[in-house]
Amino acid sequence: MVDNNQLREAVKKTISRDDVKYVVGYEKGTYGFQTTPCFAYKPEDADKFIFSPLCVHNLSVFPMLEEKPPLRKGEEPDKRKIGVVVKGCDSRAIVQILQEKGLDRDKVVIIGIPCTGVVDPKKLEKMFPGHIKNVEVKDDDDKFAVTVDGKTQKIQKSELIPDKCKTCEYPTPILYDILIGKEIKSNKNEDYKKVNEFEKKSLKDKWEYWEKQFDKCIRCYACRNACPLCYCKECMVDQLNPQWVRRSVNISENTAWNLLRAFHLAGRCIGCGQCERSCPMDIPLMELNKKIEKEIREMFEYEAGVNAEEKPLLAMFKPDDPEEFIL
Amino acid sequence: MTEKFEPNIIGFLCNWCSYAGADLAGTSRIKYPPNIKSIRVMCSGRVDPVFILEALKKGADGVLVAGCHPGDCHYQSGNYKTNRRIKLLKKLLGELAIDPDRVKFEYVSASEGQKFASVVTEFVDELKKMGPNPLKEVKV
């Protein structure tokens with residue numbers, strides 16, 4: 001359980017520094033099961049910051065979303081830092097961005113929160129349908145205490161947490177400047193159960209499954225926008241000449257988009273699950289990401305977002321990479 | 001019907017080895033099926049997975065990427081990096097039920113005209129067994 005007062009103190013201290021532009025964190029959302037990202041520009045703003053199991057967003061997208069307008073003559077660039085409140089998985093995203101040199105380490109102040117798992121808003125909404133008043137969710141050992149309309153219910157964590165939290169190996173942020181609360185050690189292990197099961201299916205069954213899923217895709221690119229690692233200045237789907245992916249929504253274009261999205265995250269995806277959470281059509285995008293993650297672990301013994309000093313997976317090689325055929 | 005099916009293959013051939021290998025196959029008058037349309041790239045490392053997907057989407061039944069043997073790359077390490085990339089792409093295609101064997105990565109050096117011919121022949125035979133590519137663009 002994270003002490004909100006401690007968090008607010010830390011945010012206040014950070015934003016009081018002269019070299020910090022703003023701090024991104026979570027605040028209570030306007031309705032239902034939501035929290036929203038919020039910004040603190042002044043020390044007073046820190047009072048609205050919270051952390052609860054409802055804080056599902058990955059805020060490490062914000063330093064990358066920063067707009068850099070062209071400077072006027074004689075104008076100095078803004079060199080101030082950005083503060084980010086991160087959970088374990090979010091910190092891996094920052095590590096990965098640092099590894100790719102998308103961001104300088106001294107451009108961010110990281111406020112780390114050890115997290116024991118967040119709530120899957122879709123699962124919670126199914127449990128309490130149509131609820132629009134504010135709901136409180138508290139962490140209580142292996143249960144969540146959900147308060148709806150003044151009544152508190154205790155629900156087993158395993159019923160509410162998303163799949164990514166069930167196998168989370170890094171509950172404590174890998175990289176942080178300030179840590180709120182105590183470090184947590186994970187006893188969970190990524191076993192790729194779903195991936196292994198799916199692999200056993202025949203090609204025909206697999207295609208039947210994915211055809212149904214990709215047929216739903218409306219190509220809103222929410223998965224891309226929510227992803228902390230999709231920060232290309234111009235995404236390949238927005239390119240017009242050459243136009244790799246057509247605008248039309250049909251099965252072959254949808255397949256191409258989803259495949260390319262997954263491939264562009266090969267060796268970079270840190271498994272925060274934002275793509276799947278933000279998908280309005282409930283396409284299980286994490287299954288693709290996990291599949292690649294598993295193959296990379298097996299073939300190249302590499303894990304994304306753990307070591308900022310390492311070289312990116314696809315930018316290096318080892319002479320003893322596994323071969324499928326004899327030369 | 002299946003006997004009449006002639007697969008379309010797009011070949012991305014590296015300028016320094018495989019393209020010269022294909023050239024050698026031609027000048028030595030080695031026979032191989034005409035199903036392959038070759039595109040010369042400066043290095044197999046130039047082949048972005050986007051190219052492969054675009055080819056499959058536009059109606060190719062198979063894509064062949066050919067580069068120099070390990071250690072022979074004109075740019076030192078291009079072929080090693082492609083190797084990693086193509087391997088991952090194949091795994092992903094397999095997950096999505098597009099037969100991963102539709103994409104092939106081979107090492108063909110400039111002196112291996114015979115190997116180039118046999119690679120293409122084998123690939124065409126395999127693709128004939130697999131049938132047309134399901135990802136082909138739906139024409140509206």
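1. How far apart do the C-alpha centres of domain 1 of chain A and domain 2 of chain A lie? They lie 24 Å apart, with domain 1 covering 4-65 + 79-179 and domain 2 covering 193-315, bounds that come from an automatic or database domain assignment.

2. This is a predicted model, in which local features need pLDDT of at least 70 and side-chain atom pairs count only at pLDDT 80 or more, while totals for chains, interfaces and linings use all residues. Residues are numbered from 1 along each chain as its sequence is written, and chains are lettered from A and ligands numbered from 1 in the order in which they are written.

3. Chain A holds 12 helices and eight strands, these being DSSP runs numbered from the N terminus (H or I over at least four residues for helices, E over at least two for strands). Its C-alpha trace spans about 65 × 60 × 40 Å along the principal axes.

4. Between the domains of chain A, 20 residues of domain 1 are in contact with 17 residues of domain 2, where contact requires C-beta atoms, placed from the backbone, to lie within 7 Å. On the domain 1 side, α3 (88-99) and α6 (163-166) each supply at least two residues, and the largest share, nine residues, comes from α3(A).

5. Turning to the two chains, 26 residues of chain A are in contact with 27 residues of chain B. On the chain A side, α8 (203-216), α10 (251-264) and α12 each supply at least two residues, and α10(A) gives the most, with eight residues.

6. One helix pair that joins the chains is α12 (residues 285-300) of chain A and α3 (residues 78-95) of chain B, which pack at an angle of about 140 degrees with their axes 10 Å apart; axes are lines fitted to C-alpha atoms, for helices over the stretch in contact, and angles run from 0 to 180 degrees between N-to-C directions. The two helices are therefore oblique to each other (under 35 degrees is roughly parallel, over 145 roughly antiparallel, 65 to 115 roughly perpendicular, and the rest oblique). Residues making the contact include Leu288(A), Ile292(A) and Met299(A) of α12(A), and Leu88(B) and Leu92(B) of α3(B).
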